[in-house]
Amino acid sequence: MTTAAKSIIVGTPGHIDHGKSRLIEALTGTHPDRLEEEKRRGITIDLGFAFLEEGGVRFGFVDVPGHERFVKNMLAGTSGIDLVLLVVAADEAIKPQTREHFDICKLLGVKRGVIALTKTDLVDRDAAELVRLELEEFVKGSFLEGAPIVGVSAKTAEGLAALKNALLDEAQKITEKQTERYFRLPIDRSFAVKGFGTVVTGTLISGHIASGAEVELLPEKRLLRVRGLQTGGKSVERAQAGQRTAVNLAGIEHSAAQRGMVIATPGRFGKTRRIDARLQLLPSAALLKNRAQVHFHAGTAEVVAEVLLYERAELLPGETAFVHFRLADDVVVARGDRFIVRQFSPVITMGGGEVLDPLARRPTRKDNRRVRFLERIERGSREDVLQAMVERNILGVSAQEIVLRTGWMEAEVRATADNLSKDAAIRAVSKEPLLLLAETVFQETAKKLFARIEAFHKENPLLPGIPREDLRAVVGRRVRTETFRAALEELAKLNKVTLRGELVKKVGTEITLTSDELQAKEQIEQAFARAGLAVPSVKEVLAQLAIESKRAEKILQILIREQVLVRISPELIFHRDALGKLPGLLQNYKKSKGERIGVPTFKELTGITRKYAIPLLEYLDRQRLTRRTGDERVIL
Ligand SMILES: Nc1nc2c(ncn2[C@@H]2O[C@H](COP(=O)(O)OP(=O)(O)OP(=O)(O)O)[C@@H](O)[C@H]2O)c(=O)[nH]1
Ligand SMILES: [Mg+2]
């Protein structure tokens, strides 16, 4: 086998009746009109498809209707095309939909094309020559300037070979759509096939898909399995970007999948109702007022939208500006997608542009940096774009969100993030899943936390450190847990704090006691040491001290932390020496009297009161020195 054929999608814009469908039939052998009504009326209403394999190129033709009422269908078919075959009848020359369709192709950013001057059998050579000159003038300054203009007749077959050659030439110059990206296919048709079930078709605009794969139907977010695939009318195991593709989907009624929806790699494309974009108004359009209603077309979707102009009240014909679209319904678009805007009424094409942020936030008065942000992400390198996105979100941004907003692969997000981390521009506060934060925000958080830790030590000289939870509350919900954790770890790495269990302590802070505190500490310890197992109540001990109870309580805490005293229950504290005698006592008892001991015997043995005997025994159980069986203990 030779190398895989190149797959190219050709669209055929042109005015009604200029011979688009007939030309496709002449080129491919397939007449693309398929609806009963189309055949009866002799016009194209909806999209039609045909295929041609020629000179190592697989052409997928999308035949579009020329009628002005069906421009919306034309739009659904034109968004994924690589190559324009502009059809102009020699006997009619340039007509309104020649202009409108051509405007649309320009706005959609199509790069290459061929012009077919059709029905040459109906005019003489001079007349055809005149239209040719007119066309050369018409496309001047556009992507079609200098493109081949080929006279053809579907009736006599004159010029067909030359047209095929011209298409082939142009096809060779086209860089194919990328197949190693996330898969996306905007649906343009959905129907049921007997014995197979639901089939959706569309132009596969990015990535590839294999039979058996799982895909996500958007905006519904439904996971579905691909049962089978066809491209160019043949069953295949795999289809890739640049191919007209029919996908047999399991587990869905054909009516539940519709034009305007998308099937895609699960989790990698988002639905949206708010888009930031660059909008260009056609010179022929009317002025566009802020908050105007329009029809928004992207991919195969069409939705009513309100246009919010940034920093201006209106947009003049021919101007371009950053705008925000508030859509009446969910659509699926990615950064860089082209769209078309049509006037609300009467419905005519007024402009189009490029999606810059498919998951835009609602514009607010406070957010006065939006335009600067859009400038950065429109022109910037990957690093610029990522940094700008991360900087705009003080909570940080996940890799998943960056994928949804940029259309990059996750590996590309990670590589870009690595570059930026090296330059200390952003910080990965979590690696898995990747969560990115602006370095400045990270540093501020760390600074704030450290200030709080310092203040805590000043306010609480007798406490060893601040509990993490209290510290967490200081920064509140504007800092994610991952950021909080990473900031503490950073402070620890810089040797500014130590993290011990739940406590965070500033390095270098030791608890220093005043002389009366030292004396109190001594007194407390002595009181418990003297008492042995016949421990006094904590209250009594503290009451005898010269310092106030709050401070006394803290000193008690210090003794417990130093493990001089052991707290057995909320009410019960022993000196460690007293507890230290217990294992010996129990072992002696075991040797002379046996391994079982009841509560009364335990009381006698230790001299402890009943009130304290039970909690102490429970403590011994926990320490695995004894084990409870019924009312008795077994000495272990
Ligand atoms: N004489 C002559 N007639 C042609 C030629 N090409 C198309 N026609 C006729 O022109 C009419 C319109 O052709 P279509 O191919 O349906 O035109 P279309 O551009 O697809 O029209 P819409 O899809 O409705 O926009 C038909 O009657 C065709 O037979 C041609 O090269 N020579
Ligand atoms: Mg037609």
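User: What does buried mean here, and what does exposed mean?

Analyst: Buried means under 20% relative accessible area, exposed over 50%, and partly exposed in between, with a 1.4 Å probe and protein chains only. Thr44 has a relative accessible area of 9%, so Thr44 is buried. The model is predicted: local features need pLDDT of at least 70, side-chain atom pairs count only at pLDDT 80 or more, and totals for chains, interfaces and linings use all residues. Residues are numbered from 1 along each chain as its sequence is written, and side-chain values use heavy atoms, without hydrogens and water.

User: Which residues coordinate the magnesium ion (ligand 2)?

Analyst: Donors are N, O and S atoms within 2.8 Å of the metal (3.2 Å for Na, K and Ca); water is not among the atoms, so sites may look incomplete. Here Ser21 (OG) and Thr44 (OG1) coordinate the ion at 1.9 to 2.0 Å. The two are 23 residues apart: Ser21 is in helix α1 (residues 20–28), and Thr44 in the loop between α2 (36–41) and β2. Ser21 also counts as buried, at 10% relative accessibility.

User: In what order do the strands of the sheet lie?

Analyst: Strands of a sheet pair through backbone hydrogen bonds, either parallel or antiparallel. Strands (E, at least two residues) and helices (H or I, at least four) are DSSP runs, numbered from the N terminus; two strands pair if DSSP finds at least two bridges between them. This open sheet has six strands, in the order β2-β3-β1-β4-β5-β6, with mixed pairing. Its edge strands are β2 (48–54) and β6 (149–151).

User: How many bridges join β4 to β5?

Analyst: Seven, between parallel strands β4 (residues 83–89) and β5 (residues 112–118). Ala89 has Thr118 in β5 as its bridge partner.

Key. Chains lettered and ligands numbered in written order.
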